[in-house]
Amino acid sequence: MALHQLKYPYRKFILPLAKKISFINPDVFSWMAFVVTFVTGYCFYAGNENPVLFLWIILLIFLRMTLNTLDGVVAIQRGDDSKIHGKIINALPDRYGDIFIVGGILLSPICNDVIGLLGLATMFLVSYAGMLGKALGVSWQGHGPLDKVERLVWLIIFAFLQYYGYMHNAPVLKVCGYHFSYLEICMLLFFVLGQITVLRRVGGIYKEAKSVEENSNK
């Protein structure tokens, strides 16, 4: 099961809470998640000076995921899930949030600028490839293996590994004669998995577009 599918059982888990707080506008949760991502990005940036921030990152990312889920579930409870305004507020701050988080890694003293830029650029390409299907008249492409949930899970894993490395005086690993921090390895993983994701999404667009074209010619 793809990691992004885990959001469905989690939605059922928090549904009772969502029903109790459905009087709150779901946009509030989107903006709260936006603030959380800014703090998360700062923790990545400053983790070199205070490694315990990497543990806070784990909690903050989980909080962001919860707020994003509440946003969607509460919107459904209120019947607001089809409103254009809500969809914009749900999507746009998320993209800025991704910039804050990966930008924090890029600007971190323990991440090479080029490696960080590769991770940031790949993240944009993945999002663009997902939206490209809608722009071409087919469905949104959600293929992995670097969808939003997968990205956040990898960030949690590598934040913990970076903390563990600092606690054991080994914040970097030697790979093929080169030294990489765990954050750099995370960005390189983003790059590799991201290119696979882009290719899968483009393939999905082509396959669906071709099917639509064949059906229209019948």
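Start at Asn112, which sits in the loop between α4 (84-107) and α5 (113-135). Helices here are DSSP runs of H or I with at least four residues, strands are E runs of at least two, and both are numbered from the N terminus. The model is predicted, so local features need pLDDT of at least 70 and side-chain atom pairs pLDDT 80 or more, whereas totals for chains, interfaces and linings use all residues. Residues are numbered from 1 along each chain as its sequence is written, and side-chain values use heavy atoms, without hydrogens or water.

**Stop 1**

Is Asn112 buried, partly exposed or exposed? Asn112 is partly exposed, at 36% relative accessible area. Buried means under 20%, exposed means over 50%, and partly exposed lies in between (1.4 Å probe, protein chains only).

**Stop 1: the whole chain**

Zoom out. The protein chain holds seven helices and two strands. Trace the chain along its sequence and the order is α-α-α-α-α-α-β-β-α. Of the 218 residues, 41% are buried. Now colour by surface. The accessible surface comes to about 12100 Å², and carbon and sulfur atoms account for 68% of that area. These areas come from the Shrake-Rupley method with a 1.4 Å probe, and for residues only the protein chains shown count as cover. Contacts (heavy atoms within 4.5 Å) come next. Among those between residues at least 6 apart in sequence, 78% join residues at least 24 apart.

**Stop 2: α3 against α6**

Select helix α3 (residues 53-78) and helix α6 (residues 148-167). Their axes come within 8 Å and cross at roughly 165 degrees. The axes are lines fitted to C-alpha atoms, for helices over the stretch in contact, with angles from 0 to 180 degrees between N-to-C directions. α3 and α6 are therefore roughly antiparallel. That label applies to angles over 145 degrees; under 35 is roughly parallel, 65 to 115 roughly perpendicular, and the rest oblique.

α3 passes α6 in a left-handed crossing. In such a crossing the near helix is turned anticlockwise from the far one by less than a right angle; clockwise is right-handed.

Show side chains at this interface. Which residues of α3 meet α6? On the α3 side, they are Phe54, Leu55, Ile57, Ile58, Ile61, Arg64, Met65 and Asn68. Their partners in α6 include Leu152, Leu155, Ile156, Phe160, Tyr163 and Tyr166.

**Stop 3**

Next, pick Gln77, a residue of α3. Gln77 is partly exposed, at 37% relative accessible area. Leaving aside residues up to four places away in sequence, Gln77 touches Leu15, Lys19 and Ser22.

**Stop 5**

Go to Asn169, in the loop between α6 and β1. Check its backbone. Asn169 is not a glycine, yet its phi is positive, about 55 degrees. Most residues other than glycine have a negative phi. Asn169 is exposed, with a relative accessible area of 73%.

**Stop 4: the hairpin**

Select strand β1 (residues 172-175) and strand β2 (residues 178-181). They pair in the antiparallel sense over four bridges; pairing takes at least two DSSP bridges. Val172 stands opposite Ser181 in β2. β1 and β2 form a hairpin, with two residues between them.

What is the phi of Cys176? It is near 55 degrees, a positive value in a residue other than glycine. Cys176 lies in the loop between β1 and β2. At 75% relative accessibility, Cys176 counts as exposed.

**Stop 7**

Ala209 is partly exposed, with 32% relative accessible area. Ala209 and Gly137 are 72 residues apart in sequence, but 7.9 Å apart in space, C-alpha to C-alpha.
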